[in-house]
Amino acid sequence: EIDLRARAVQGHLEAVAAAVADGRIRSHDHDRLWRGMRALMNALDATHPGGLDALMGRR
């Protein structure tokens, strides 16, 4: 079962970022990662009060 608590998800995302940076996840898989990240960003924009602008400190 996947741990969906924010702290665990943050850890997974940071591990994925490191794997992209050091080449363990190759460029032919970047589109798959981008689709997942876009879905996450869209969900955050739709559900966070004020959307992504507020989350990132922009107003």
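The legends below walk through several close-ups of one predicted model.

This is a predicted model, in which local features need pLDDT of at least 70 and side-chain atom pairs count only at pLDDT 80 or more, while totals for chains, interfaces and linings use all residues. Residues are numbered from 1 along each chain as its sequence is written, and side-chain values use heavy atoms, with hydrogens and water left out.

Figure 1. Three helices and zero strands make up the count of elements here (helices are DSSP runs of H or I of at least four residues, strands runs of E of at least two, numbered from the N terminus). Read from the N terminus, the order is α-α-α. The radius of gyration is 13 Å, well over the 10 Å that the globule rule gives for 59 residues, so the chain is more spread out than a compact globule. That radius is taken over C-alpha atoms, and the rule is 2.2 Å times the number of residues to the power 0.38. Along the principal axes, the C-alpha atoms fill a box of roughly 35 × 25 × 20 Å.

Figure 2. Of the 59 residues, 7% count as buried (buried is under 20% relative accessible area, exposed over 50%, partly exposed in between, with a 1.4 Å probe and protein chains only). The chain exposes about 5200 Å², and carbon and sulfur atoms supply 57% of that area (Shrake-Rupley method, 1.4 Å probe). The 9 positive and 8 negative charges have mean positions 2 Å apart. Lys and Arg count as positive and Asp and Glu as negative, leaving out His and the chain ends; each charge is placed at NZ of Lys, CZ of Arg, CG of Asp or CD of Glu.

**Figure 3. Helix H1 and the glycine that follows.** Helix H1 covers residues 6-21, and its 16 residues should span 22 Å at 1.5 Å a residue; the end C-alpha atoms are 22 Å apart, which agrees. The expected span is 1.5 Å times one less than the number of residues. Valine 20 sits in H1 and is partly exposed, at 31% relative accessible area. Just after H1, glycine 23 takes a positive phi of about 90°.

Figure 4. The chain has four salt bridges, each being a side-chain nitrogen of Lys or Arg within 4 Å of a carboxyl oxygen of Asp or Glu. Aspartate 3 pairs with arginine 5, with the closest N and O atoms 2.6 Å apart. Aspartate 3 is partly exposed at 27% relative accessibility, whereas arginine 5 is exposed at 60%. Arginine 24 pairs with aspartate 22, with the closest N and O atoms 3.0 Å apart, and arginine 24 is exposed at 58%.

Figure 5. Aspartate 31 and arginine 35 form a salt bridge whose closest N and O atoms are 3.4 Å apart. Both residues lie in H2 (residues 30-47), four residues apart, about one turn of the helix. An α-helix has 3.6 residues a turn, so residues three or four places apart point the same way. Aspartate 31 is partly exposed at 43%, and arginine 35 is partly exposed at 42%.

**Figure 6. Helix H3 and distances across the chain.** Glycine 51 belongs to H3 (residues 51-55) and is buried, with a relative accessible area of 6%. For valine 20 and leucine 52, 32 residues apart along the chain, the C-alpha separation is 24 Å.
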